[in-house]
Amino acid sequence: MTVALGSPGAPAAPPWANQSSGREFFLLGFAHVPALRPLLAVLFLAMFLLTLLGNALIVLLTALDPALRAPMYFFLRHLALVEICFSLDIVPQLLVTLLRPGRGVSPAGCALQLLLVLSCVTSECFLLTAMAWDRYVAICRPLRYGAIVSPRVCHLLAATCWLAGVPVSLVFTVWLFHFPFCGPRGIRHFFCDIAPLLSLVCADTRVLEANVLAATVLIMIVPFCLIAVSYTKILATVLQMPSATGRHKALSTCASHLIVVVLFYGTTGVIHLRPKASCSPESKQVVSLSYTLVTPMLNPLVYSLRNKEVKAALGRACVQRRGIRIP
């Protein structure tokens, strides 16, 4: 019997390389910069806490302040809830990956994370579309706004946004995890996503990739086109307004939403429209940080800093807090 021995000076193999026969996956997020992992962990933890604090504040303000009961703030509250769910799904596992490299993730845990990621991305696409439609009706059909965007319609749209992504994400998650995964299960990403998982499959995935692309077009491109059409009509209506003050007020209510749309679609499209894109996994990780950490953190800042009503509500909340006397 022949025994192969490694050279004494050879570097130790990573933990996941010796467990190719195991069932666990190993997230290799930022493995190419091991010296920066502690610093990245501190940075991402700070961004995570800011995300939770900012979005939770938006949820509380829009739920409790009577001045923020308009449909626009109703959809903003649900967008903040989606960002909270998205961050809770991604960041804790990312911090574990940075602080404890080599720790495995069970197939069930990886599948659950992928399911929640796809669901949250789908919900955010639809919510951004609903918010654009709300602005379109408010500016282009102001006299019928109350009748069209009724509380019943708002609740129905919100429920649709939350539930629409569940069947799609469930189908693709189950489909993907039915393929055989060969060799070391090292995922070159900081969370379980379709593209890095496809690179581990040792089977023909062309049918799955075609269906993923079709679903992505329906879930991302179609809503984006609807948003573009809504804002084209909004702009046409605003340009016809005789008052400069009215034009400024109408555009200011849309500016925050447009910033979020550009941030979100500009990065998710790069990642999800091409599941096996030619760019390196390291580049994809950097791009993915934009919509998984940066955008959820910036959303509350964008909406609060550019919205006088939200800032006024925050001021009232601070005044009420200071007015409470603790015996």
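1. Asp-204 is partly exposed in this predicted model, at 47% relative accessibility. Its salt-bridge partner is Arg-206, with N to O at 2.8 Å between the side chains. Arg-206 counts as exposed, because its relative accessibility is 63% and the cut-off for exposed is over 50%.

2. The structure holds three salt bridges. Another one joins the side chains of Asp-65 and Arg-316, at 3.0 Å from N to O. Asp-65 sits in the loop between helix 1 (37-64) and helix 2 (71-99), and Arg-316 sits in helix 10, so the pair ties together parts that are 251 residues apart in sequence. Asp-65 is buried, at 10% relative accessibility. Arg-316 is partly exposed, at 34%.

3. A word of caution on that pair concerns confidence. Helix 10 (residues 308-323) has the lowest mean pLDDT among the elements of the chain, at 73. Helix 5 (residues 151-176) has the highest, at 94.

4. Asp-134 and Arg-135 also form a salt bridge through their side chains, at 2.9 Å from N to O. Both residues are buried.

5. Overall confidence: the chain averages a pLDDT of 83, and 87% of the residues score at least 70. The N-terminal stretch needs separate reading. Over residues 1-13 the pLDDT stays under 50, and the model has one contact there beyond four places in sequence. Residues 15-21 are also below 50, but this stretch has ten contacts in the model beyond near neighbours in sequence.

6. Ten helices and three strands make up the elements of the chain. Their order from the N terminus is β-α-α-β-α-α-α-β-α-α-α-α-α. Of the contacts with a separation of 6 or more, 78% are between residues 24 or more positions apart.

7. An unreviewed UniProt entry lists "transmembrane region" for residues 39-63, 75-99, 111-133, 153-177, 210-229 and 250-273. How much of residues 39-63 is helix in the model? The span is 100% helix and 0% strand, with its end C-alpha atoms 36 Å apart. Residues 111-133 are likewise 100% helix and 0% strand, and their end C-alpha atoms lie 33 Å apart.

8. Leu-213, Val-217, Leu-218, Ile-221, Val-222 and Leu-226 make a nonpolar surface patch of about 480 Å². Leu-226 lies in helix 7 (residues 206-239). Leu-226 is partly exposed, with a relative accessible area of 47%.

9. Of the 327 residues, 45% count as buried.

How values were computed:
Residues numbered from 1 in each chain as written. Predicted model: local features only at pLDDT ≥ 70, side-chain atom pairs only at ≥ 80, totals over all residues. Heavy atoms only, no water. pLDDT = per-residue confidence, 0-100. Helix = DSSP H or I, 4+ residues; strand = E, 2+ residues; numbered from the N terminus. Contact = heavy atoms within 4.5 Å. UniProt positions renumbered as here; feature names shortened; annotations may be inferred. Patch = residues over 30% accessible without salt bridge, like charges linked within 9 Å, V, L, I, M, F, W, Y side chains within 5 Å. Areas by Shrake-Rupley, 256 points an atom, 1.4 Å probe, with all protein chains shown as cover. Salt bridge = Lys/Arg side-chain N within 4 Å of Asp/Glu carboxyl O. Buried < 20%, exposed > 50% of the residue type's maximum accessible area, 1.4 Å probe, protein only.
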